Amino acid sequence: MNPSPFSHPAPRRGVRVLLAGTALALAAGCAATGPAAPHAAMVPSAAVPTWSVTARSADLPPGVYQSAYSARTQRLYATSAVGRPPVKESRLLAIDPVSLRVVASVVPALQAGRTDGQVQAVYGLTVDDARSQIWTTNTRSGSVAVYRQADLSLVKQFPDDATPHARDVLVDDAHHRAYVSSPASNLIHVFDSATLQPLPGITLTGAGEAPKPMSLALDAGHQRLYAVSLNTAEVFAIDTATGRQAARYAVPGVQGASGIAVDSQTQRIYVAAQKSGDLTVLDARDGRVLQHLATGAGALNVAFDPVHRLAYVANRGAGTVTVVDEHGTIQAQVNTGSAPNHIALDPQGTAWVTVKKSKDDPRGDRLVRIEARR
């Protein structure tokens, strides 16, 4: 079955300047776009911040998960999925980064072989600008799908259980590969992004029990794909030229490692850990720990901005995003409210945070745009 027709809905709710009505807290020394919240978070660092941070938010459909920015279309794409199986409500969204409005959306196709109305709900995603496509993960069905950027029409839906509990997906244009993490196994699934055919996966070998890969990060310049393991606190480096595991690094003192980013210029790896609520920076060449700092409860994901050389950590439990410079100084604690889930970056260094609704947040489900300036 094909997805529902492409549509151009009117925005449900308007864009909001954070702090005006959504209680965004910014660290001391940072600029805000409205009056200060009554309990603004302080920078837990002795160094004086040198960056100012502004933020705006807009409401999104329920169940928002991840986002990715396309330089080709100059659009932000996002996924949403609501509830537990059978998941009947899910959307792939196209968002105008200027107005923060949803300009188009599509509902995934029904999951074949089921009679309970579950759709091929979309969770993780990435853009393939070389082919004007979007890759999504269908976590509930253990699959992946490819959509067109132009009209969000379905290009290909892979079979169920092709990638058990598929989580993150990344595309390596240089080698025509799409990589999908599967925390249900110790495997990175691989697809040919040109022919849309499955390829042999990459088995990750750790020091003890089988690792459970979560987030992925690509350093195209050094031909390295990085994966972080939830249960074993390990980082795995994969040679994208050979498709083989090239190195394994332990991340000492952390629990629940789930987010990873890489700085290609300095070859530093950034690891966010949920249970320990922290950020660890490793040297990608030998695995040495360079920095370690607390960021907030439930540090789920991290993104590195090479333009301003800042790392953004989504602290899902704390309801904040921590902004850290390359020297390990916390520049800001942005109170996004609810549960920040994922961070995407655009070529200008703007951070796009998808925030999921929690039971204590009557609004939730929104997009926060964070911009840093000196």
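User: How many aromatic pairs turn up in a search of the whole structure?
Analyst: Five. Rings of Phe, Tyr and Trp (its six-membered ring) count as a pair if their centres lie within 6.5 Å; planes under 30 degrees apart are stacked, over 60 edge-to-face, and the rest tilted.

User: What is Tyr 65 paired with?
Analyst: Tyr 65 pairs edge-to-face with Tyr 123. The centres are 4.7 Å apart, with 75° between the planes.

User: Before we go on, what kind of model is this?
Analyst: This is a predicted model: local features need pLDDT of at least 70, side-chain atom pairs count only at pLDDT 80 or more, and totals for chains, interfaces and linings use all residues. Residues are numbered from 1 along each chain as its sequence is written, and side-chain values use heavy atoms, with hydrogens and water left out.

User: What does the average pLDDT come to?
Analyst: 89 for the protein. At least 70 is reached by 87% of the residues. pLDDT is the predictor's confidence in each residue, from 0 to 100.

User: Where does pLDDT stay under 50?
Analyst: One stretch is residues 1-13, with 32 contacts beyond four places in sequence. Another is residues 17-45, with 71 such contacts. A contact means heavy atoms within 4.5 Å.

User: Is Tyr 123 buried or exposed?
Analyst: Buried, at 5% relative accessible area. Tyr 65 is partly exposed, at 23%. Buried means under 20%, exposed over 50%, and partly exposed in between (1.4 Å probe, protein chains only).

User: Which charged end sits over the ring of Tyr 65?
Analyst: That of Lys 356, 3.9 Å from the ring centre. The rule: NZ of Lys or CZ of Arg within 6 Å of the ring centre and within 35 degrees of the ring normal.

User: And why is the pair of Trp 135 and Phe 191 called tilted?
Analyst: Because the planes stand at 50°, with the ring centres 5.9 Å apart. Trp 135 is in strand E8 (residues 133-138) and Phe 191 in strand E13 (residues 187-192), so the pair links parts 56 residues apart in sequence. Trp 135 is buried at 0%, and Phe 191 is buried at 2%. Ring pairs also join Trp 135, Phe 158 and Phe 191 into a cluster.

User: E13 is in a sheet, then. In what order do its strands run?
Analyst: E11-E12-E13-E14, an open sheet with antiparallel pairing. Neighbouring strands are turned by 25° on average, direction ignored. Such angles, on a 0 to 180 degree scale, are between N-to-C directions of lines fitted to C-alpha atoms.

User: How many bridges link E11 and E12?
Analyst: Four, with E12 at residues 177-182. Leu 170 has Tyr 179 as its bridge partner. Two strands pair if DSSP finds at least two bridges between them.

User: What about the E19-E20-E21-E22 sheet?
Analyst: It is an open sheet of four strands, with antiparallel pairing. Strand E19 (257-263) and strand E22 (289-294) have a single partner each, so one side of each has no neighbour in the sheet. The twist averages 15° from one strand to the next.

User: Which residue stands opposite Leu 282?
Analyst: Val 289, in E22. Five bridges join strand E21 (residues 278-283) to E22.

Notes: Helix = DSSP H or I, 4+ residues; strand = E, 2+ residues; numbered from the N terminus.
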